[in-house]
Amino acid sequence: MRKPLIWLPLALFLGFFGLFASGLLRPDDRIINSKLVGKALPAFVLPAAASDRPPLASSELATGKPRLLNIFASWCVPCAAEAPQLLALRQAGVEIDAIAIRDARPDVDAFLKRYGNPYSRIGLDARSEVQIAMGSSGVPESFIIDGRGRIAYQHVGDIRQDDVPMILDRLRNAQ
């Protein structure tokens, strides 16, 4: 009776190891894609997140011209990495608005001073309520909003240099 019990810890270890290894080899998709792509942007009015930029409301994103809406935070390292691409998009004529999540105005001001400010308007979403309502899973994340205020495309993660042509193409198609 005691001899089979001696092998029980090894069997449990191998079972847990197998479960862990299967999770590493076949990880779940951790990206939450917005169910609002193709639908109207949720209604919101946010206070200004930066000293030199006006606040942001959803009604300002339905002006007849497609826009890029970037969700970022001053404490987000990938947000700093995508800053040059956002500046390049702005130089290409893209209207970019932003929502700063879980942030403070002095921190946003310092971030924009350090990395540049491509944004027309920046709203402060202190509790991530608008971010969650949009189906955003983290920062940075960008949404192309068509001229009627509908979400046309969701880009999860930072915009990289090789993403810029695709973003420009999707903005042209979002008329």
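The model is predicted, with local features requiring pLDDT of at least 70, side-chain atom pairs counting only at pLDDT 80 or more, and totals for chains, interfaces and linings using all residues. Residues are numbered from 1 along each chain as its sequence is written, and side-chain values use heavy atoms, leaving out hydrogens and water.

Begin with the sheet: 5 strands, in the order 5-4-3-6-7 and with mixed pairing, form an open sheet. Strands (E, at least two residues) and helices (H or I, at least four) are DSSP runs numbered from the N terminus, and two strands pair if DSSP finds at least two bridges between them. Strand 5 and strand 7 (151-156) lie at the edges with a single partner strand each, so one side of each has no neighbour in the sheet.

Next, select residues 122-125, strand 5. I122 and L124 point one way, G123 and D125 the other, and all are buried (under 20% relative accessible area, 1.4 Å probe, protein chains only).

Strand 6 (residues 141-145) and strand 7 run antiparallel, joined by 5 bridges, and E141 has V156 in strand 7 as its bridge partner. Finally, select residues 164-173: this is helix 6, which packs on the sheet and touches strand 3 (67-72), strand 6 and strand 7, contact meaning heavy atoms within 4.5 Å.

Conventions. Buried < 20%, exposed > 50% of the residue type's maximum accessible area, 1.4 Å probe, protein only. Axes fitted to C-alpha atoms, helices over the stretch in contact; angles between N-to-C directions.
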